[in-house]
Amino acid sequence: MHTASVTETRTVVYDDGTVRGFVWASVGWGLIGLLVGLWIALQLSFPVLNFDLPFLTFSRLRPLHTNAVIFALVGNMMFAGVYYSTQRLLKVRMASDLLSKVHLWGWQLIILGAALTLPFGITQSKEYAELEWFLDVLVALVWVAFAVNFFWTLAVRNEKNLYVSIWFYISTVLTIAVLYIVNNLSLPVTMTKSYGVFAGAQDALTQWWYGHNAVAFFLTTPILGIMYYFLPKAADRPVFSYRLSIVHFWALVFLYIWAGPHHLLNTALPDWSQSLGMLFSLMLWAPSWGGMLNGLLTLRGAFDKVRRDPVLKFFVAGVTFYGMATFEGPLLSIKSVSALGHYTDWIIGHVHSGALGWNGFMAAGMFYWLVPKLFGTKLWSTKLADYHFWLGMVGILLYVASMWVSGITQGLQWRAETVEGALQYPDWNEIIDRQQIMYMTRSFGGGLFVVGWLLMAYNLIVTAMSGRAVTVETQVTVTRTAPVPGEPTLTSILVSKPVVVSALGMLAATFFGMPNVGLAVLGLVLLLGVVAFAGGMLFRSTHMGKHHWHEMIEARPLAFTVLTLIAVLVGGIYELLPGLITDKQVPLAQNGEVCVKPYTPLELTGRDLYVREGCYVCHSQMIRPFRSEALRYGAPSRIEESMYDHPFQWGSKRTGPDLARVGAKFEEAWHWDHMRNPRTTSGNSIMPAYPWLFDAVTEPALAADKMRVLKKLGVPYTDLEIQNAVADYQAQAAQVVAALQAKGKTEAQPDREIVAMIAYLRRLGNNLEPAKSQAASAGGK
């Protein structure tokens with residue numbers, strides 16, 4: 001109970017200039033990202049479109065496409081929605097116009113930096129985190145500006161309780177900061193080159209802890225917040241269930257963070273860590289579909305509007321694609337399903353059903369609703385918006401369906417064997433040739449989506465030109481109440497029964513990660529009991545005084561933020577534990593030393609060229625423990641083989657074959673011919689040629705600097721090896737050149753990039769000491 005209250009009326013002028021800036025940035029950058037995606041899709045059918053230019057090759061443009069769609073299209077759309085809805089939900093202008101401008105223009109500078117670095121091979125080669133260290137620093141600074149502005153606005157708000165959209169925004173701001181900083185920890189070598197602090201399996205776990213949760217907390221939670229605001233606004237209906245939104249939020253932010261290892265199923269990781277990721281991925285079905293149903297059922301009584309209103313068409317389709325993608329994700333996290341689908345085009349279809357169907361359609365719906373209001377006019381053409389919807393819908397369906405067919409076909413052909421036990425499709429190019437009709441269908445579907453986006457851009461521009469930028473001014477009535485003595489404090493909230501019960505549930509959930517089955521069973525029993533008890537606690541009549549518990553924390557942003565951070569960090573820390581103890585599981589030689597050789601100076605240089613050219617985009621370096629893979633590639637990969645790899649190169653897609661043991665399969669001259677023109681060695685290969693490697697000159701002295709940095713990160717280079725780096729480089733390069741010249745490649749020169757690349761490719765599969773390496777090779781014969 002409150003003893004006194006003061007009511008006053010305030011005039012609030014919303015900052016919609018920042019919103020308009022983010023909207024146009026999303027539309028413009030998004031178009032570029034989509035066009036790049038269409039271009040590289042066509043390259044898979046017509047390799048000539050690479051034009052033998054390094055900055056136009058598929059492997060360099062694909063990271064640009066993914067970064068443009070994620071951070072430029074969706075990122076700018078997200079920020080537009082966050083800035084617009086936050087001000088109206090909190091009934092206050094953003095706290096700092098300066099920080100809003102720093103965020104707007106700083107983010108565009110980051111995107112421009114990506115466009116000027118990724119096509120030129122300046123990359124860390126981590127999916128969704130390819131930007132080099134100097135851009136990572138800029139990302140962190142801009143995100144801090146956004147976070148300070150956002151939480152400052154929460155502190156000066158004129159609305160006491162936080163609406164559900166704000167909950168999702170809080171989780172995004174917090175979690176992305178943690179994810180991005182940890183995953184991008186690195187030591188610079190030069191202004192454009194760095195090595196991450198994690199290597200091998202540790203790097204893989206950290207990367208997919210980040211990669212999976214970048215999808216969760218950049219492409220999902222903020223867009224859900226936008227859904228909870230804009231969908232009810234467009235439908236003129238309240239959210240279907242406040243209670244369901246509570247369950248949706250807390251279950252999602254707690255469960256999502258655990259699921260990263262499902263990207264590494266059937267790899268060299270410990271089996272229990274893979275099972276942990278699979279289990280939590282399956283549990284994600286419930287909250288994800290709860291959110292989808294909450295969105296769709298908000299339209300109850302308003303479905304007739306969907307036929308007439310293009311905004312609602314896009315929202316309904318977007319939420320439906322969210323449901324489809326969040327059904328397919330857990331499905332693909334089942335080990336047996338992953339064994340078929342991983343590395344195939346099925347994953348590409350899955351990703352694009354989310355990126356284009358969920359994110360793209362939600363963006364279009366928001367823009368069609370928002371732009372007319374930002375410019376005080378009506379949408380110029382609803383008919384054009386309808387054309388956009390149907391073009392986009394047909395385009396996505398063609399894209400996703402073709403990738404499903406292509407991916408499942410690939411998975412089946414990779415593992416198909418004859419009655420004699422040999423591979424039925426040993427020729428990789430034969431498999432790729434069979435997918436060409438699907439690749440062209442994918443390109444056609446993607447082209448339709450791009451045409452739809454162009455129609456939207458034209459429609460929005462004409463709409464804006466028919467009106468003028470509007471400055472919204474509103475009167476807000478604010479009631480300030482004085483709390484009575486004894487009202488719950490932050491500390492009492494954090495130790496209240498619901499929090500304690502939830503903490504016990506989180507503790508019980510960690511038992512799932514234990515390799516001991518008995519503990520896992522105990523954890524399951526405890527978790528089920530806790531969920532049942534917490535359900536009663538939260539949703540019958542949980543009070544503190546006259547406050548419902550959740551309503552109480554909604555009125556306290558600091559408490560809400562702390563609890564959200566705890567929910568995220570529990571799973572995040574526990575998921576990274578396997579990475580911290582991986583070195584203790586590495587087999588040792590009899591003398592106690594690890595049986596793995598660091599890369600020589602020449603091989604290290606070649607490996608960095610492999611990273612620069614984006615070879616990881618199309619080739620994996622992880623042979624799974626399947627008979628078909630042993631027949632095709634060799635013995636399954638071992639966890640210690642990549643322990644000195646900064647960054648790891650296990651890959652996530654096989655447009656080309658796995659390269660983990662390619663070193664013993666082909667001699668130097670084969671690689672020379674293959675890199676100059678893949679069609680001379682591999683028939684109808686769709687791989688681009690790399691003629692520039694034959695002309696560009698390396699810097700042997702730079703290898704010593706790289707070795708010094710890697711030594712700081714735990715690679716066992718000696719001071720003598722670093723001191724002799726140039727001499728060792730030149731000696732091994734001379735050996736490679738001698739082998740090439742013996743096969744008639746008289747033009748080979750030791751200082752060319754192609755020589756370093758060949759040295760690295762010849763090393764693959766020979767990372768173990770000779771005895772172990774020979775045993776591994778024998779296992780694949």
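E613 forms a salt bridge with R60, with the closest N and O atoms 2.7 Å apart. A salt bridge here is a side-chain nitrogen of Lys or Arg within 4 Å of a carboxyl oxygen of Asp or Glu. The pair links distant parts of the chain: E613 sits in the loop between α23 (601-612) and α24, R60 in helix α2, and 553 residues separate them. Helices (H or I, at least four residues) and strands (E, at least two) are DSSP runs, numbered from the N terminus. Both E613 and R60 are buried. Buried means under 20% relative accessible area, exposed over 50%, and partly exposed in between (1.4 Å probe, protein chains only). R60 and E613 also belong to a network of salt bridges with R612 and E753.

The model is predicted; local features need pLDDT of at least 70, side-chain atom pairs count only at pLDDT 80 or more, and totals for chains, interfaces and linings use all residues. Residues are numbered from 1 along each chain as its sequence is written, and side-chain values use heavy atoms, with hydrogens and water left out.

The protein has 31 helices and six strands. Of its 781 residues, 61% count as buried. Its accessible surface comes to about 29,900 Å², and 67% of this belongs to carbon and sulfur atoms. Accessible areas come from the Shrake-Rupley method with a 1.4 Å probe; for residues, only the protein chains shown count as cover. Among contacts with a separation of 6 or more, 82% join residues 24 or more positions apart. A contact means heavy atoms within 4.5 Å.

The structure holds 31 salt bridges. Side chains of opposite charge can pair when their charged atoms come close. One of these bridges joins D16 and R88, with the closest N and O atoms 2.8 Å apart. D16 lies in the loop between β1 (2-13) and α1 and R88 in helix α2, so the pair ties together parts 72 residues apart in sequence. D16 is buried because its relative accessible area is 2%. R88 is buried too, at 15%. Another bridge joins the side chains of E641 and R661 (2.8 Å, N to O). These two residues are 20 apart, and both lie in the loop between α24 and α25. E641 counts as buried at 10% relative accessibility, and R661 counts as buried at 7%.

K126 lies in the loop between α3 (97-117) and α4 (133-155). Its relative accessibility is 3%, so K126 counts as buried. K126 touches N183, D203, Q207 and P647, not counting residues up to four places away in sequence. The side chain of K126 reaches the backbone oxygen of N183 at 2.9 Å. K126 and V617 are 491 residues apart in sequence, yet 9.9 Å apart in space, C-alpha to C-alpha. S125 lies in the loop between α3 and α4. Phi of S125 is near 65°, a positive value in a residue other than glycine. S125 counts as buried, at 6% relative accessibility. P647, touched by K126, lies in the loop between α24 (627-632) and α25 (668-676). The peptide bond from H646 to P647 is cis, with omega near 0°.

T698 is found in the loop between α26 (679-682) and α27 (700-712). T698 is buried, with a relative accessible area of 10%. Its side chain makes a polar contact with the side chain of Y729 (2.6 Å). A polar contact is a pair of N or O atoms within 3.5 Å; within protein, one must be able to donate a hydrogen and the other to accept it, and residues adjacent in sequence count only if both atoms are side-chain atoms.

Strands β2 (residues 186-190) and β3 pair in the antiparallel sense over four bridges. Two strands pair if DSSP finds at least two bridges between them. They form a hairpin with two residues between them. L187 has Y195 in β3 as its bridge partner. In a regular strand the side chains alternate between the two faces of the sheet. In β3 (residues 193-196), K193 and Y195 point one way and S194 and G196 the other, and all are buried.

On the surface, W39, F51, L53, F55 and F120 form a nonpolar patch with about 460 Å² of accessible area together. Patches are made of residues with over 30% relative accessible area and no salt bridge: like charges are joined within 9 Å, nonpolar side chains (Val, Leu, Ile, Met, Phe, Trp, Tyr) within 5 Å. L53 lies in the loop between α1 (17-43) and α2 (58-90). L53 counts as partly exposed, at 33% relative accessibility.
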